[in-house]
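Names for parts of a protein rest on rules.

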Amino acid sequence: MAIEGLVYDVTSYVSSHPGEEQILLGCGKDATSLFNTKANQGIPHSSNADRIKAGLLIGRLSD
Ligand code: HEM
């Protein structure tokens with residue numbers, strides 16, 4: 001999934017995600033809005049989530 005122009009392979013993390021299968025809603029697309037709102041709940045993810053996300057980075061979208 002892409003978040004803020006960066007691409008993450010979340011495959012290894014799906015089964016550990018506290019929001020369960022919600023994470024799958026963001027797969028294969030730009031998930032920026034879903035990530036920043038926890039699927040439109042209006043609640044951002046924590047800094048811990050950002051730390052985990054950083055470990056899943058595989059690339060960057062071209063301009
Ligand atoms: C790289 C991608 C993602 C990572 C690393 C991640 C990580 C996490 C973590 C660590 C939590 C626990 C609460 C927190 O720390 O904020 C969480 C909760 C949650 N996430 Fe994600 N998440 C990702 C993507 C998504 C996406 C794309 C969605 C929605 C489509 C989503 C929806 C939720 C929901 C609904 C919770 C519910 C539990 C709560 O409210 O804390 N997450 N996620």
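Q: What share of the 63 residues of the protein chain count as buried?
A: This is a predicted model. In it, 8% of the 63 residues count as buried. The cut-off is 20 or more other C-beta atoms within 10 Å of the residue's own.

Q: Why is glycine 42 called exposed?
A: Count its neighbours. Glycine 42 has 8 other C-beta atoms within 10 Å. A residue is exposed if it has 12 or fewer, so glycine 42 is exposed. Glycine 42 sits in the loop between α1 (32-37) and α2 (47-54). Cysteine 27 lies 15 residues from glycine 42 in sequence, and their C-alpha atoms are 19 Å apart in space.

Q: What makes serine 47 buried or exposed?
A: The count for serine 47 is 7 other C-beta atoms within 10 Å. The limit for exposed is 12 or fewer, so serine 47 is exposed. Serine 47 belongs to helix α2. Between serine 47 and aspartate 9 there are 38 residues in sequence and 19 Å in space, C-alpha to C-alpha.

Q: Why is lysine 38 called partly exposed?
A: Lysine 38 has 15 other C-beta atoms within 10 Å. Exposed needs 12 or fewer, and buried needs 20 or more. The value 15 falls in between, so lysine 38 is partly exposed. Its place is in the loop between α1 and α2.

Q: How do you know that alanine 39 is partly exposed?
A: Use the rule again. Alanine 39 has 15 other C-beta atoms within 10 Å. That lies between the limits, so alanine 39 is partly exposed. Alanine 39 is also in the loop between α1 and α2.

Q: What is noted about phi of alanine 39?
A: Phi of alanine 39 is near 60°, a positive value in a residue other than glycine. Lysine 38 has a positive phi of about 50°, although it is not a glycine.

Q: How do you know that the radius of gyration of the protein chain agrees with a compact globule?
A: Set the value against the rule. For 63 residues, a compact globule would have a radius of gyration near 11 Å. The protein chain has 11 Å, so the two agree. Along its principal axes, the C-alpha trace spans about 30 × 25 × 20 Å.

Q: Which pattern does the protein chain follow along the sequence?
A: The pattern is β-β-α-α-β. That gives 2 helices and 3 strands.

Q: Why do β1 and β2 count as a pair?
A: Two strands pair if there are at least two bridges between them. β1 and β2 (residues 6-8) have 2 bridges, so they pair, in the antiparallel sense.

Q: What makes β1 (2-3) and β3 (57-60) stand at the edges?
A: The open sheet has the order β1-β2-β3, with antiparallel pairing. β1 and β3 each have a single partner strand, so one side of each is left without a neighbour in the sheet.

Q: Which residues come nearest to the ligand?
A: Of the 22 residues around the ligand, Gly19, Gly26, Leu34, Ser46 and Ala49 come nearest. The elements that give two or more residues to this shell are α1 and α2. α2 gives the most, with 4 residues.

Q: How many residues of the shell around the ligand are nonpolar?
A: The shell has 13 nonpolar residues, along with 7 polar and 2 charged ones.

Terms used. Residues are numbered from 1 along each chain as its sequence is written. This is a predicted model: local features need pLDDT of at least 70, side-chain atom pairs count only at pLDDT 80 or more; totals for chains, interfaces and linings use all residues. The radius of gyration is taken over C-alpha atoms; the globule rule is 2.2 Å times the number of residues to the power 0.38. A residue is near a molecule or strand if its C-beta atom, placed from the backbone, lies within 6 Å of it. Ala, Val, Leu, Ile, Met, Phe, Trp, Tyr, Cys and Pro count as nonpolar, Asp, Glu, Lys and Arg as charged, and the others, Gly among them, as polar.
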